[in-house]
Amino acid sequence: MEKTFLMLKPDAVQRGLIGEIISRFEKRGFKLIGLKMLKLDRATAEAHYREHKGKPFFESTVEYITSSPVVAMVWEGKNIVALARQMMGDTNPAQACPGSIRGSYALDISRNIIHGSDSPESAEREIKLYFREDELMSYSKIGEEWLS
Ligand code: CMP
């Protein structure tokens with residue numbers, strides 16, 4: 001089953017949106033298989049955003065993401081990479097559809113609430129950056145048979 005890495009950024013934690021956002025993914029029918037709260041160190045943040053190194057927003061993004069705790073998660077489900085990105089909305093909240101997570105809760109690209117992997121390959125890399133294999137749960141969930 002397809003997996004993705006999602007991270008609730010410092011603004012989501014500080015603004016009390018953890019439960020609200022997790023609830024959206026649960027209700028959609030996705031399965032939470034890994035969850036931890038942590039404060040990112042600089043090395044992890046730089047590794048996470050390595051494709052943006054050299055861009056004007058790299059330094060401020062690393063500073064922001066290491067400034068306060070985040071919630072790192074692994075979710076599983078059919079087409080989850082693309083569907084989670086759809087649920088999150090455009091990277092820039094000013095262009096995110098109303099009703100999407102960023103379109104509901106954010107205003108500015110530098111404080112956009114949530115990160116989600118942009119491809120199954122990125123998901124694999126990002127999951128490994130935050131979780132050991134034995135931290136990911138394998139379980140069946142009641143109601144799964146009603147989702148496919
Ligand atoms: P994210 O999906 O986590 O990936 C890169 C992050 O850089 C992005 O969300 C934003 O939080 C942040 N960022 C800040 N400024 C910009 C910008 N001008 N363009 C793209 N990303 C930006």
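Analyst: Before the case itself, two notes on what we're looking at. This is a predicted model, where local features need pLDDT of at least 70 and side-chain atom pairs count only at pLDDT 80 or more, while totals for chains, interfaces and linings use all residues. Residues are numbered from 1 along each chain as its sequence is written, and side-chain values use heavy atoms, with hydrogens and water left out. Now the case: 45% of the 148 residues of the protein chain count as buried.

User: How many helices and strands does the protein chain have?

Analyst: First the idea: helices (H or I, at least four residues) and strands (E, at least two) are DSSP runs, numbered from the N terminus. Here the protein chain has seven helices and four strands. Go along the sequence and you get the pattern β-α-α-β-α-α-β-α-α-β-α.

User: What does the radius of gyration say about the protein chain?

Analyst: That radius is taken over C-alpha atoms, and you hold it against the globule rule, which is 2.2 Å times the number of residues to the power 0.38. For this protein chain the radius of gyration is 15 Å, close to the 15 Å that the rule gives for 148 residues, so the chain is as compact as a globular protein of that length.

User: Next up, pockets. What volume does the largest pocket have?

Analyst: Picture a 1 Å grid over the protein atoms alone: a cavity is a set of points where a 1.4 Å probe fits but cannot get out, and a pocket is an open set with protein on both sides within 12 Å along at least five of seven lines. Lining residues have an atom within 4 Å of a point. Grid points are joined across faces, edges and corners, and a volume is the space filled by probe spheres set on the points. The largest pocket comes to about 490 Å³. It's lined by 22 residues, and Lys9, Tyr49, His52, Phe57 and Thr91 lie nearest its centre.

User: Which element gives the most to the lining of the largest pocket?

Analyst: That's α4, with three residues. At least two residues each come from α4 (58-65), α5 (80-88), β4 (114-116) and α7 (120-130). To sort a lining by class, count Ala, Val, Leu, Ile, Met, Phe, Trp, Tyr, Cys and Pro as nonpolar, Asp, Glu, Lys and Arg as charged, and the others, Gly among them, as polar. The largest pocket then has five nonpolar, 11 polar and six charged lining residues.

User: How much space lies in the second largest pocket?

Analyst: About 310 Å³. Its lining has 13 residues, with Met1, Gly29, Gly77, Lys78 and Leu147 closest to the centre.

User: How many salt bridges does a search of the whole structure find?

Analyst: A salt bridge is a side-chain nitrogen of Lys or Arg within 4 Å of a carboxyl oxygen of Asp or Glu. The search turns up nine. One of them pairs Lys36 with Glu135 at 2.9 Å, N to O. That pair links distant parts of the chain, 99 residues apart: Lys36 is in strand β2 (residues 31-38) and Glu135 in the segment after α7. Lys36 is partly exposed, at 22% relative accessible area, and so is Glu135, at 23%.

User: Where do Glu46 and Arg42 lie?

Analyst: Both are in helix α3 (residues 42-48), four residues apart, about one turn of the helix. Lys53 is exposed, with a relative accessible area of 56%.

User: Last one: is Ile113 buried or exposed?

Analyst: Ile113 is buried, at 0% relative accessible area. Its backbone is worth a look too. Most residues other than glycine have a negative phi. Ile113 has a positive phi, near 75°, and sits in the loop between α6 (101-105) and β4.

Technical notes. Buried < 20%, exposed > 50% of the residue type's maximum accessible area, 1.4 Å probe, protein only.
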